[in-house]
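Welcome! Please take a moment to look over the sequence and the 3D view before reading on.

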Amino acid sequence: MSTENQNITQRHALKTEILTAFNSDSGVNYFSILIETSSRMASYNVIIKTFICQLQKDIGENQIQIITYGDSVKEIFEFKSNLIDLKDAIKEIKFSKDNEEAKLDEAMRLCFNNIEDYWSDNNMKSKIIIISSGQSTDDPSDGLVDILNLDDSVIYGLACSSSTRSSDEAVEDLQSFLPDQKVIPMGKNPFQDFKLLMNSNSGGSGANTGCASNNYCPVIIEVYPHSNETKSIRDDLKLDVVIKPDGNTTIIPAGTKINFLSNRYFSGYKIQLNDHLVYGEPYEETIILEYKKGQIEKTQFEHFPSKITFHIQFANDRDTIHEGHVFLNISYFLGDLKSKYKCCISVEGKIGDGKSACLNGFVNLFNPVGELEEYFVANCSNDRVTTSIEYMSLKEILSSKHYIYPVQESFHDINITWSDDFGFIETDFSLKHKAEGKIHHGTKRNEIIILQPDERYRIDCFIFVVCIRNFADAHALKIIEKGIQEVISMGITPLLAITLSDLLPKYQIQDLMKNKVAELPVQECNTFIINNYTEKDNHKDINKDVQYLRLLTRAVQLSKVKNEKEAMNKAKDISNLSANDTTNNNNYNNSNNNNNNNNNNNNNNNNNNNNNNNNNNNNNGFNQTPIKNEPSLFFKPSSSPSPIHYEPIRIINVTIDVISDSNGNVLSSFEFECSSNESISELKCKLINETNLGINGNDWSITKETGTILFESAKLSTVIRLSDNVDSIKLILKKKQTLF
């Protein structure tokens with residue numbers, strides 16, 4: 001959407017740089033060869049293998065992957081593999097004698113996933129070669145859409161005729177699967193045909209073209225966040241792009257393009273100048289890089305982009321492309337940390353395991369500049385040991401700043417306090433004192449005093465930081481486990497942060513996670529690997545920041561659940577107190593009524609006695625039967641009201657499988673901590689909002705594993721049997737079936 005220059009409030013530009021200029025045909029080519037291996041293709045066995053060998057000799061420094069597809073899909077050669085091994089891999093291409101299955105869509109999906117793993121490579125160009133009879137037993141449209149969403153990705157089709165289909169028919173069939181893509185018949189010399197096809201598409205001289213040397217770029221690009229409000233990491237990325245000529249250039253010609261490339265998490269965007277851009281009259285446009293829904297759940301934040309790459313192609317120089325980068329800062333992705341509740345986090349662990357470093361990582365999330373700052377300082381310069389308990393809130397940190405950046409003004413809804421200590425779990429004092437706010441700021445290791453509770457120091461969440469080398473130390477693990485068990489006994493869910501994981505190779509870490517880490521009473525979803533900043537690090541790294549953000553987001557979520565539970569318990573206590581007061585008042589009133597009734601009885605008896613005396617006196621004149629006294633009629637006092645019954649409110653671990661089709665295939669699974677007092681409707685809203693599934697809640701139902709649909713007004717307490725001490729439950733989110 002194009003906009004004129006609007007009222008610009010105070011805003012902070014993201015770091016942007018333009019580094020290189022290269023020929024539009026240069027870069028690293030990633031060749032993907034998809035080969036159909038059905039019986040229809042058997043006659044092309046030699047031709048296809050010869051084609052691959054010829055391509056191998058010509059690709060130079062480029063990369064290649066080979067995927068075969070028939071009744072199954074196989075990856076027989078991977079990117080970054082040694083090309084010397086390609087000849088052995090070619091021998092694995094085997095064609096079926098009688099099976100005509102061809103799972104093209106499954107092959108394209110595998111191809112897309114492999115390309116994505118390398119999509120951060122600079123100047124990467126994807127060239128996909130599909131060798132096919134033009135037949136497919138699944139629908140390849142979804143796989144095609146995924147691949148075409150990648151920038152600089154081209155698909156070539158080589159259509160193979162058969163005894164029942166001519167070359168023209170095979171080309172027509174394959175073209176129907178690959179609309180707007182280049183498709184040619186498979187001839188006797190397919191490599192030569194393919195080179196001609198590539199050259200006609202790019203205007204270059206082959207697969208191995210060179211690079212231009214002109215690095216001067218006559219345009220200045222400034223990029224600002226569209227809003228100064230920090231957003232969720234799952235939101236679309238909206239940026240204001242300002243384009244203007246530099247001081248040495250007077251005009252940027254109409255038709256110039258700025259192409260923001262897509263990546264694993266965000267879509268791309270293209271800006272094209274419709275008019276000449278004159279010096280002194282900048283052009284501004286708001287671009288939207290759409291977040292690819294479900295990507296974070298799929299990747300668990302891996303490979304989150306540190307920068308958005310863009311290419312500039314001038315209308316008067318089509319052969320040269322200038323590449324630039326917009327560097328992202330995690331401060332603009334902290335929206336999930338907002339909460340109406342205070343969150344006080346205590347980081348526990350042995351001395352030297354990286355507690356202070358972890359806390360500094362948390363606080364630097366809120367730093368919108370690239371340089372790291374140290375807030376939690378270890379007091380002993382040699383051993384780096386913290387000697388006292390320190391509490392520090394985000395509000396205190398921001399209030400101490402001489403200058404507040406615009407995005408920092410949006411942190412007012414983030415109420416987090418951190419606590420650092422000297423290895424408190426190694427002392428003889430209970431963590432319960434910290435949870436209750438009885439250990440105050442400044443408490444020394446050798447002067448621990450239990451004081452009156454202070455709300456400022458009450459801990460909502462405990463994070464246990466464990467160095468990876470401590471998993472080989474039975475004594476150290478015993479201390480950690482004792483602290484974790486104590487926290488669990490208080491009804492608080494502990495979190496585990498494993499540090500210094502770079503000391504071990506990846507396969508050893510995986511074994512350790514399966515064995516040693518699994519022995520600790522912490523759920524897998526509450527276990528995180530953290531690569532702390534070290535003394536050698538001076539600048540922020542978004543990959544490390546994302547690790548801190550994952551852990552801190554989970555701590556805030558658990559604190560919210562804990563505070564909501566406490567708020568409900570307080571409301572219940574107030575209701576009980578009101579009910580007791582009502583009962584006592586009723587009893588008091590009934591007692592007064594009984595006393596009044598007794599007084600009335602006494603008065604009536606006195607009156608009757610007087611009447612009897614009068615009657616006795618009158619018997620001398622009249623021979624009458626004396627009047628008998630009738631007993632007084634009293635209403636029984638009303639019974640006291642029945643006591644109000646409250647179901648015990650508990651925290652339930654809810655696992656929800658999302659099923660997208662009638663076959664029961666699980667799309668993804670999510671885990672939440674919920675109150676037993678929450679309704680099914682509230683649970684569904686939480687699932688849709690916090691996971692950003694992008695679905696219409698009205699079209700989906702939550703059911704039991706047995707398939708029983710749950711009423712949306714029903715409470716979780718009615719779904720589980722609280723008397724059985726159940727603390728977890730598994731439910732299903734499935735799409736409602738239509739009648740017609």
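## About the model

This is a predicted model, in which local features need pLDDT of at least 70, side-chain atom pairs count only at pLDDT 80 or more, and totals for chains, interfaces and linings use all residues. Residues are numbered from 1 along each chain as its sequence is written, and side-chain values use heavy atoms, with hydrogens and water left out.

## A six-stranded sheet

Look for an open sheet of six strands with mixed pairing, ordered β19-β20-β18-β21-β22-β23. Strands are DSSP runs of E with at least two residues, and helices are runs of H or I with at least four, numbered from the N terminus; two strands pair if DSSP finds at least two bridges between them. At the edges sit β19 (390-393) and β23 (527-529), each pairing on one side only.

Within this sheet, β21 (residues 461-467) and β22 (residues 495-499) run parallel and are joined by five bridges. Here C467 stands opposite T499 in β22.

## A well-covered strand

Now find β24 (residues 651-659), where seven of the nine residues are buried (under 20% relative accessible area, 1.4 Å probe, protein chains only). With β25 (residues 666-675), β24 pairs in the antiparallel sense over nine bridges, and I652 stands opposite C674 in β25.

Strand β24 also runs parallel to β27 (residues 728-735), with seven bridges joining them. The bridge partner of V654 in β27 is I729.

Technical notes: Buried < 20%, exposed > 50% of the residue type's maximum accessible area, 1.4 Å probe, protein only.
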